[in-house]
Amino acid sequence: MSSSEGKIISVIGSGLIGRSWAMVFMSGGYRVKVYDNKPGQAARAIQDVRKQLEELQEAHMLRGDLSASEQLALLSSHDDLPQALEGAFFVQECVFEEVEAKQGVFQAVESLVGEDVILSSSTSCLLPSNVFARVQNRKRCIISHPVNPPYYVRLVELVPHPEMLPGVMDITFALMTSVGQAPVRLKKEIDGFALNRLQYAIIAESWRLVQVGAVPPAVRQSNYRLIIVGDKPMYCGEVRLACCLVKSKQHRWLSVKTASRPLDGVISVRDIDLVMSEGLGMRYAFIGPMETMHLNAPEGLEDYLKRYREGMRRVLTTFGPVPEFSGEAAERINKEMCEMIPPDHQNLSAKRERRDQLLMGLANLKK
């Protein structure tokens, strides 16, 4: 008998992430109960899961040792929460990313399950201390943050609640490993966790390079954070100065005497994506940034730091402020992206399907 046989996992929420988690857990042989508070929604989700599993099996891309029909036999849909939770040892919440909604779910779930049932949330960046604020017994609370789409991208971030018992992390880590995911343990909670902090750093610098480029040397070297164009404040990196600057040490801003104009972007939307997909992404699919440094110098990481430390620090000082991700820049970037991939359902669905197929192929390569 396998360690998963007969064990039940409850998935709360039948959207994209909930359906994906159900498929992942079933691939490992677990019985899965899917619940949705909208009548009939969970049943419709199962029909979608059935279609996906059959297509994956036909393409020889189905995960696990069980056939599609054997996996589907492990799946059930529920409109009744107590029924959906009955017998479960692990609850995976997958409702929309709104803290009060998640708090309400866990408050209701806690009243219906035993003390030893693990409560896990799929939140992508909400802190465990906030998500589980209404739970009384927070010793069994953990974040299991998947990467979209979870069936094809196997990383799971495990983020502990400050009151969580160490054994909960161990059980969750073992569960995720048993179903073929690649869990990583965060030692404590932090806003954005690890993946999104890295992702947002890449997005922010990509946005800055497309939007306005680097910070002008005159501003960067002055160490002043703000410039005033007329009566309008602008952060460094938003304007090119073609004038002399009047410094005010008392107020730490720079007054611009003559007109300024926006910086031209350094690179296009298409090309910044190629920098990742045909450059960094090629190696980051197999090794991370720390190992990349270790392998990119003849004598390893220490040698790399000796060679490139100063250059890295110099470049990092030229990074601009956090973008607003709105306004004229957002309109221009969105326009360029939509010219590349029209945002209609047919085009977006085709691109997502291609993404998923390539991700599955990549996952197979990494076995």
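His60 is found in the loop between helix 2 (41-58) and helix 3 (68-72), where helices (H or I, at least four residues) and strands (E, at least two) are DSSP runs numbered from the N terminus. This residue has a positive phi of about 60 degrees although it is not a glycine, and with a relative accessible area of 74% it is exposed; here buried means under 20% relative accessible area, exposed over 50%, and partly exposed in between, with a 1.4 Å probe and protein chains only. The model is predicted, so that local features need pLDDT of at least 70 and side-chain atom pairs count only at pLDDT 80 or more, while totals for chains, interfaces and linings use all residues. Residues are numbered from 1 along each chain as its sequence is written, and side-chain values use heavy atoms, with hydrogens and water left out.

Phe193, in the loop between strand 8 (182-185) and helix 8, likewise has a positive phi, near 60 degrees, but Phe193 is buried, with a relative accessible area of 1%. Most residues other than glycine have a negative phi, and most peptide bonds are trans. A cis peptide bond, with omega about 0 degrees, joins Asn148 and Pro149, and Pro149 belongs to the loop between strand 6 (141-146) and strand 7 (155-160).

The protein chain as a whole has 14 helices and 14 strands, and 38% of its 367 residues count as buried.

Rings of Phe, Tyr and Trp (its six-membered ring) pair if their centres lie within 6.5 Å, and planes under 30 degrees apart count as stacked, over 60 as edge-to-face and the rest as tilted. The count by this rule is eight aromatic pairs. In one of them, the rings of Trp21 and Phe25 have centres 5.0 Å apart and planes at 10 degrees, so this pair is stacked. Trp21 and Phe25 are four residues apart in helix 1 (residues 16-27), and therefore about one helical turn separates them. Trp21 counts as buried at 0% relative accessibility, and Phe25 counts as buried at 0% as well. Ring pairs also link Trp21, Phe25, Tyr30, Phe89 and Phe90 into a cluster.

Charged ends sit over rings too, which requires NZ of Lys or CZ of Arg to be within 6 Å of the ring centre and within 35 degrees of the ring normal.

| Charged residue | Ring | Distance from ring centre |
|---|---|---|
| Lys7 | Phe89 | 5.6 Å |
| Arg185 | Phe173 | 4.1 Å |

Val11 lies in strand 1 (residues 8-12) and counts as buried at 0% relative accessibility. Leaving aside neighbours within four places in sequence, Val11 is in contact (heavy atoms within 4.5 Å) with residues including Ala22, Phe25, Val34 and Cys94.

Which residues of helix 8 meet helix 13? Trp207, Val210 and Gln211 in helix 8 meet Ala329, Ala330, Arg332 and Ile333 in helix 13. By class, this contact has five nonpolar, one polar and one charged residues, where Ala, Val, Leu, Ile, Met, Phe, Trp, Tyr, Cys and Pro count as nonpolar, Asp, Glu, Lys and Arg as charged, and the others, Gly among them, as polar.

Ser129 lies in helix 6 (residues 128-131) and counts as partly exposed at 27% relative accessibility. Leaving aside neighbours within four places in sequence, Ser129 is in contact with His161, Pro162 and Glu189.
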